[in-house]
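Open the model in your viewer and keep the sequence panel beside it. The tour goes from one selection to the next and says what is there.

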Amino acid sequence: MNWNKITKAYEIYKKCLENNVDISTTCKYALFDLLCIYNSENPMDTLPPEEDWYRRELNETNQSGLTKRTWKDNGLAEQMFEELKLSATSVEQKIRLYNSFASGLLKYNYAEKAMTILDEMRQNKISIDLTTYNYLLRSISSIKESYEARWQFITECLQDMKQNSIQPNLRTFNSILYTLRRCSVYEQGPILALSILKEMRQCGIEPSLGTWAHIIMIFYPNDQIGYETQILPQIMDELEKQYESNGHQFQWKDIDDSEFFFNAMFKATVNCRDIDLVYEQGPILALSILKEMRQCGIEPSLGTWAHIIMIFYPNDQIGYETQILPQIMDELEKQYESNGHQFQWKDIDDSEFFFNAMFKATVNCRDIDLESWQRPRITLKSITAVICNSQ
């Protein structure tokens, strides 16, 4: 089956039914799984990690802050679900059918209908599998309004899993942390996040980059909260140990892992308000994140450099003695040449780079040599880069 032609596969399936052509049960359920996974559409082209994060955030939440439902009503998945319900006879078929459908509904934020399906499963003694529980744990903010009710629902889900001998996995814990992250100003959030982290380790599950991405957002829910904590430097120290213990490499284990570097760099930029932390730890933290990006084989985008500039030059009083801006421009020149004399726009923050670089080259270059030689060079490079990218 061609992954990019799922809807075409469904058309062929319908023609086979019309012409009384036998289709294996395995083929039917494989097609149904794909329709639920991709919401009755062909898969989208793969996006860069930060752009994918932004798209998901934009699609999940509307202007009122409520979760946006994207499930296709009466789509191909729903039509096939109703067809397969009539022919599903074995317990295994019913378990797969209902779990795939419930997971799809939860994935695309149709929580109300998903809860109806889950109730039907309980009434008919159809087991809920781990994948469905993970989607359910990730969707709790659409099911319960108050933060306390959400946490209570989490504990109930975990108790149900335990009673049914379902062992949690990395995705389970990351889904719980994702829900806690949606409780943006929940006072118990950081405490509960650390308890989840402890529970993960007791289960022998190593936190992934996505785990740390969620914890960062729980401790720093906005630019007004969390700047007094030292959690971000601690996370970077923890990751350094994890990197060394894994044979000097990072293992990408979860779909949320791609969020880590964006979250870490963004929060290092906006949440370091303590002057000592800004001056002493901010640059160290930024360079640590940059190092780990490269260890993961991720090339820094222009947006990455934009954040680093603002970390090294948080205001016009700090950073003028550093040589980081000329170093960044040298790095970008090499990157420009290695990419066939062009820049690749990878991140929604890339557009900030030229403003940040130009502004800081103007107000932070106080050394006379840098001012007389480097600043015009930096400025010309920035202008050239803008022209190259606009053509």
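Start with tyrosine 186, which is buried at 13% relative accessibility. Buried means under 20% relative accessible area, exposed over 50%, and partly exposed in between, with a 1.4 Å probe and protein chains only. Before moving on, note that this is a predicted model, in which local features need pLDDT of at least 70 and side-chain atom pairs count only at pLDDT 80 or more, while totals for chains, interfaces and linings use all residues. Residues are numbered from 1 along each chain as its sequence is written, and side-chain values use heavy atoms, with hydrogens and water left out.

**Aromatic pairs**

Tyrosine 147 and tyrosine 186 form a tilted aromatic pair, 5.4 Å centre to centre with 55 degrees between the planes. Rings of Phe, Tyr and Trp (its six-membered ring) pair if their centres lie within 6.5 Å; planes under 30 degrees apart count as stacked, over 60 as edge-to-face and the rest as tilted. Tyrosine 147 lies in helix 9 (residues 147–163) and tyrosine 186 in the loop between helix 10 and helix 11 (189–202), so the pair ties together parts 39 residues apart in sequence. Helices (H or I, at least four residues) and strands (E, at least two) are DSSP runs, numbered from the N terminus. Tyrosine 147 is partly exposed, with a relative accessible area of 23%.

How many aromatic pairs does the structure hold? There are eight. Phenylalanine 32 is buried at 0% relative accessibility, and phenylalanine 81 is buried at 1%. Now widen the selection: ring pairs link Phe32, Trp71, Phe81, Tyr98, Phe101 and Tyr108 into a cluster.

**Salt bridges**

The structure holds 14 salt bridges. A salt bridge is a side-chain nitrogen of Lys or Arg within 4 Å of a carboxyl oxygen of Asp or Glu. Select arginine 138 and aspartate 256, whose side chains form one at 3.0 Å, N to O. Arginine 138 is in helix 7 (residues 130–138) and aspartate 256 in the loop between helix 13 (231–245) and helix 14 (260–270), 118 residues apart. Both arginine 138 and aspartate 256 are buried.

Arginine 171 is in helix 10 (residues 170–182), 85 residues from aspartate 256. Arginine 171 is buried, with a relative accessible area of 17%. Show Arg138, Arg171, Asp254 and Asp256 together: they are linked in a network of salt bridges.

For another salt bridge, select aspartate 73 and arginine 69, whose side chains meet at 2.7 Å, N to O. Aspartate 73 is partly exposed at 43% relative accessibility, and arginine 69 is partly exposed at 42%.

**A charge over a ring**

The charged end of arginine 138 sits over the ring of tyrosine 178, 3.9 Å from its centre. A charge sits over a ring if NZ of Lys or CZ of Arg is within 6 Å of the ring centre and within 35 degrees of the ring normal.
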